[in-house]
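The following note sets out numbered remarks for a colleague who wishes to read the fold alongside the coordinates. Please keep the structure open while going through the points.

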Amino acid sequence: VQLQASGGGLVQAGGYLRLSCTASGNILRINDMEWYRQAPGKQRELVAGITSGGSTTYGDSVKGRFTISRDNAKNTVYLQMNSLKPEDTAVYLCDAYVATYYTSRYRPYWGQGTQVTVSS
């Protein structure tokens, strides 16, 4: 199973970006999908998560600005980021809990990350 993240870039404060993360491989089912971020010198933090049924959760710092969604048919999770701030600058990583055709148990798989840089 591989996760491919895309959509990062350089944007001015107040701008927006949309991240995508697509899972591929011997996928039987995908449960939760999540976005984390890690800035230099800081701990990795949960940005947002979404269950297979569409229930969502957000980190306090992004509530009201970011929206997570998913397309189950495409095995893809999205993160719409609006009103970006310089403190949102980080590498954004996606993960998904996937059951494969080899095992019915869910386990987490991680993407490679995409850089988001917000200039002031």
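Predicted model: local features only at pLDDT ≥ 70, side-chain atom pairs only at ≥ 80, totals over all residues.

1. Leu93 is buried, because its relative accessible area is 10%; buried means under 20%, exposed over 50% and partly exposed in between, with a 1.4 Å probe and protein chains only. The residue belongs to strand S9. Apart from residues up to four places away in sequence, Leu93 touches Glu34, Trp35, Tyr36, Gln38, Arg44, Trp110, Gly111, Gln112 and Gly113, where a contact means heavy atoms within 4.5 Å.

2. Residues are numbered from 1 along each chain as its sequence is written, and side-chain values use heavy atoms, with hydrogens and water left out.

3. The protein has zero helices and 11 strands. Helices (H or I, at least four residues) and strands (E, at least two) are DSSP runs, numbered from the N terminus. Read from that end, the order of elements is β-β-β-β-β-β-β-β-β-β-β.

4. With strand S5 (residues 45–50), S4 pairs in the antiparallel sense over five bridges; two strands are said to pair if DSSP finds at least two bridges between them. Met33 stands opposite Ile50 in S5, and Arg37 has Glu45 of S5 as its bridge partner. With strand S9 (residues 90–100), S4 is again antiparallel, over nine bridges. There, Cys94 in S9 is the bridge partner of Trp35.

5. Lys42 counts as exposed because its relative accessible area is 54%. In space, the C-alpha atoms of Lys42 and Ala90 are 9.5 Å apart, although the residues are 48 apart in sequence.

6. S5 pairs in the antiparallel sense with strand S6 (residues 56–58) over three bridges. Ala48 stands opposite Tyr58 in S6. S5 and S6 form a hairpin with five residues between them, and Gly54 in its turn has a positive phi of about 100 degrees.

7. Two backbone positions deserve a check against the model. Most residues other than glycine have a negative phi. Asn75, not a glycine, has a positive phi of about 55 degrees; Asn75 is found in the loop between strand S7 (66–71) and strand S8 (76–81). Its relative accessible area of 24% makes Asn75 partly exposed. Ser83, also other than glycine, has a positive phi near 50 degrees and is placed in the loop between S8 and S9. Ser83 is partly exposed, with a relative accessible area of 42%.

8. How does the radius of gyration of the protein agree with that of a compact globule? For 120 residues a compact globule would have a value near 14 Å, and the protein has 14 Å, so the two agree. The radius is taken over C-alpha atoms, and the globule rule is 2.2 Å times the number of residues to the power 0.38. Along its principal axes, the C-alpha trace spans about 50 × 25 × 25 Å.

9. Buried residues make up 41% of the 120 residues. Of the contacts with a separation of 6 or more, 55% come from residues 24 or more positions apart.

10. The protein exposes about 6,500 Å², of which carbon and sulfur atoms supply 46%; accessible areas come from the Shrake-Rupley method with a 1.4 Å probe, and for residues only the protein chains shown count as cover. The mean positions of the 12 positive and 8 negative charges are 4 Å apart. Lys and Arg count as positive and Asp and Glu as negative, while His and the chain ends are not counted; each charge is placed at NZ of Lys, CZ of Arg, CG of Asp or CD of Glu.
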